[in-house]
Amino acid sequence: MLNKNKGKKADPLSYDSYARDNGTYSHKQRKKGGLAKKVAIGVLVALLVAVIGAGTALALYVNDLNNSMQNTDEQEAQEINDVLAPAVSDEPFYMVLIGADDREGVGGARSDTCILTRVDAENGTITMLSIPRDTAITLEGYGTQKFNAAYAYEGTSGTIEAAGALCGVGVSHYAEVHFQDLVSLIDKMGGVEVDVPIEIDDKKAGGHIDAGKQTLNGKQALIFARSRSYANGDFQRTTSQRILVEACLNKVLSMDTTELPGLVKDLASCVKTDFNVIDLVSLAASMQNAEGGIKIYSALVPSSTATVNGVSYVVCDTVKLEEMMKLTDEGEDPSKVAEDSTVDSSKEAEEQGITVIPKS
C-alpha cells in the first residue's frame with residue numbers, strides 16, 4: 001500500500017494525524033455502490049454492441065459516449081492525469097468517486113460525496129470507503145480545511161490527491177457526477193424505488209419525504225441525497241446516498257434492452273471519468289465472469305466529531321483507518337473494524353425508535 005506521507009511528522013490536523021486516530025464509525029457490508037453504477041454503464045454498452053452490431057454505427061456511437069464522459073477542459077484533464085497513479089494491468093486498483101453539488105460552497109461547488117473504491121475485477125470484489133466531507137485535513141497553501149474544500153480550491157484533481165493522501169494509497173481512476181444531472185436522469189428513468197429509513201422534513205435540503213418504501217422522482221431523490229439534519233449528521237446522509245445509488249443501479253438493470261440506447265447516452269452525459277467505453281466493457285465483463293460472483297463491501301472512514309478553534313470537524317481514527325486499509329488491500333470486509341451507527345431501512349429505524357429528522 002503506497003503511503004505518500006510515510007516518515008513525515010504528524011501535524012494535529014494533517015492527513016497523517018487524522019487518517020489513522022480517534023472515533024467510532026464504519027459502515028455495514030451491503031450491495032451499494034458508486035462504482036456499481038460505472039460497471040452498469042459497461043454492461044449496458046456491452047448489450048448495445050449486440051443490439052447495434054459491429055461497424056461504423058457502433059464506432060461512432062462509442063466515440064460519442066467517450067466524448068460525453070471525458071473531461072473537455074484540457075488544463076483540468078491534465079491536472080487530473082498528473083495526480084492519477086499508473087494502473088497495473090489485471091491488478092486491483094483504487095479509484096475515487098466524486099459527487100459534486102454546485103449549490104454549495106462560498107467559492108463555488110464543493111464535493112458533497114467522496115468514495116475511495118478498490119476494484120479487484122479478477123476476484124469480483126469492490127470495496128467502497130466513504131470520506132466524510134467535513135473531515136479535517138491540511139491543504140497546502142490553505143491551512144486547515146474540511147475535506148470538501150479540496151474540490152473548491154483545487155477541483156477534481158485536488159479531491160483525488162486528498163483522498164489518496166488521507167488513506168495512503170495511489171489512485172488510478174476517477175468518476176464524477178453532479179447531483180443536478182442525476183436528478184434529470186432519475187426523472188428520465190421514471191423514478192427509483194427506495195426504502196427511505198427516516199422521514200425527512202428538511203427545508204435546507206429541499207422539502208419533505210415520508211419514511212418507507214416508495215418511488216422517488218428526481219427532486220425527491222435530491223432531497224434524500226442532500227439532507228444531513230440527522231442526529232448523526234453526515235454519517236446517515238452517506239448511507240442515504242449509497243441507498244440511492246443502489247436504487248439507480250437496480251432500475252437500470254431492470255430496464256428492457258430496447259430502452260438501453262437512450263439510457264446509456266443519458267448515463268454518459270451525467271458522468272465525467274478517465275475511463276473510456278472499452279475500458280468499462282472490459283471491466284464489466286471481468287466482474288461478471290468472476291468466480292463466486294460479485295462481492296461489494298462498504299464502510300465509512302472511522303470517524304468522530306471534534307471542535308477545533310471554534311470550527312466543527314470530522315476527525316478520522318488513525319488506528320482504525322490503518323486496520324481498515326489493511327483489510328481493504330487484502331480484499332476483505334473493512335466494516336469489521338468499527339460498528340455502524342446508521343440505519344439503512346425503515347424497519348431498522350423503527351426498531352431503534354428513530355422517526356422524523358429532528359430539525360429542518
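Is C114 buried or exposed? C114 is buried, at a relative accessible area of 2%; buried stands for under 20%, exposed for over 50% and partly exposed for what lies in between, with a 1.4 Å probe and protein chains only.

The model is predicted: local features require pLDDT of at least 70 and side-chain atom pairs pLDDT 80 or more, while totals for chains, interfaces and linings use all residues. Residues are numbered from 1 along each chain as its sequence is written, and side-chain values use heavy atoms, without hydrogens and water.

**Cysteines**

Zero disulfides turn up in a search of the whole structure, a disulfide being a pair of cysteine sulfur atoms within 2.5 Å. For C114 the closest cysteine sulfur belongs to C167 and is 8.3 Å away, too far for a bond. C316 is in no disulfide either, with the sulfur of C167 as its nearest, at 7.2 Å.

**Aromatic rings**

Rings of Phe, Tyr and Trp (its six-membered ring) pair if their centres lie within 6.5 Å; planes under 30 degrees apart are stacked, over 60 edge-to-face, and the rest tilted. Y142 and Y153 are stacked, because their ring centres are 4.1 Å apart and their planes at 5°. Y142 sits in the loop between strand 4 (136–139) and strand 5 (143–146), and Y153 in helix 5 (residues 149–167), so the pair ties together parts 11 residues apart in sequence. Helices (H or I, at least four residues) and strands (E, at least two) are DSSP runs, numbered from the N terminus.

**Accessibility**

| Residue | Relative accessible area | Class |
|---|---|---|
| Y142 | 35% | partly exposed |
| Y153 | 36% | partly exposed |
| C114 | 2% | buried |
| C316 | 0% | buried |
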